[in-house]
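Welcome, and please load the model in your viewer. We will go from one selection to the next and look at what turns up at each stop.

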Amino acid sequence: MSATLLADAIESTLLKAQTTSSQVEALCAEAVKLNCHGVCVAPANVALAAEVLKGSPVAIVTVAGFPLGNQTTRAKAFEAQESIKLGATEIDVVINIGWAKEGRFDEIRDELKEVRKATADNTLKVILETGLLSPAQLDGAARAALDAGADFLKTSTGYGPRGASAEDVHFLAKVAKGRAGVKAAGGIRDKRTALALIEAGADRIGTSAVKAILGV
């Protein structure tokens with residue numbers, strides 16, 4: 001895969017609690033320079049990213065219900081809607097993982113439908129936190145996300161017990177069957193890992209190590 005195609009799959013991510021405005025500005029400038037697909041920043045930093053990236057093709061990605069997924073449905077939907085008003089073009093929302101553990105997939109679907117409405121025509125990615133779910137739980141949660149209209153199934157928050165694996169990505173791609181893309185995130189710090197995940201079926205890579213992956 002060429003460096004250009006790889007960069008176009010990357011969402012350069014900065015979600016640490018201690019993130020400063022200058023770091024967000026640097027992230028955006030770097031993403032433009034490296035031709036990344038997008039930047040993924042916290043909701044409080046969306047407006048700044050939108051200002052810095054005005055006129056740029058770089059997508060502005062943010063999160064909802066992050067990182068635990070146990071906020072109320074109304075809170076997640078409002079967070080997504082507010083972020084879009086501030087300039088976000090893609091929303092990555094965390095499912096209620098406890099519901100997935102209990103097999104409450106209809107409730108996951110119904111919650112995600114509300115978030116889907118709140119995002120309107122913008123891209124919605126659903127974070128499943130694969131490291132916390134059994135195959136059956138992951139299958140049920142992924143299908144609920146697809147039924148709710150998710151555009152992507154995403155592996156991890158980066159704050160769970162582990163990051164993305166090729167097995168996770170292959171599993172999600174198999175469940176999606178072309179109905180949605182797959183975003184791999186969590187622990188992706190080098191080019192070999194990124195390429196292995198793309199080979200397994202990932203369409204997007206979320207990473208805070210974009211320079212290492214692109215070799216710049």
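In what order do the eight strands close into a barrel? Select the strands and follow β1-β2-β3-β4-β5-β6-β7-β8, with parallel pairing. Strands here are DSSP E runs of at least two residues and helices are H or I runs of at least four, numbered from the N terminus; two strands pair if DSSP finds at least two bridges between them. Neighbouring strands of this sheet are turned by 25 degrees against each other on average, with direction ignored.

A note before zooming in: this is a predicted model, where local features need pLDDT of at least 70 and side-chain atom pairs count only at pLDDT 80 or more, while totals for chains, interfaces and linings use all residues. Residues are numbered from 1 along each chain as its sequence is written, and side-chain values use heavy atoms, leaving out hydrogens and water.

**Stop 1: strand β4**

Select residues 90–94, strand β4, where five of five residues are buried (under 20% relative accessible area with a 1.4 Å probe, protein chains only). Glu-90, Asp-92 and Val-94 sit on one side, with Ile-91 and Val-93 on the other. Thr-62 has Ile-91 as its bridge partner.

**Stop 2: the core**

Next, pick Ile-95, Val-126 and Leu-128, the residues with the most contacts inside the largest nonpolar core, which has 72 residues. Such a core is a set of buried Ala, Val, Leu, Ile, Met, Phe, Trp, Tyr and Cys residues joined through side-chain atoms within 4.5 Å. Helix α7 (residues 135–147) gives the most to this core, with six residues. Show the surroundings of Ile-95: leaving aside residues up to four places away in sequence, its contacts (heavy atoms within 4.5 Å) include Leu-68, Ile-108, Val-126, Leu-128 and Ala-141.

**Stop 3: helices α6 and α7**

Axes are lines fitted to C-alpha atoms, for helices over the stretch in contact, and angles run from 0 to 180 degrees between N-to-C directions. Which residues of α6 meet α7? They are Phe-105, Ile-108, Arg-109, Leu-112 and Lys-113, and their partners in α7 include Ala-141 and Asp-147.

**Stop 4: β7 and β8**

Finally, select β7 (residues 181–185) and β8 (residues 204–207), parallel strands joined by three bridges. Ala-185 stands opposite Gly-206 in β8.

Conventions
Buried means under 20% relative accessible area, exposed over 50%, partly exposed in between (1.4 Å probe, protein chains only).
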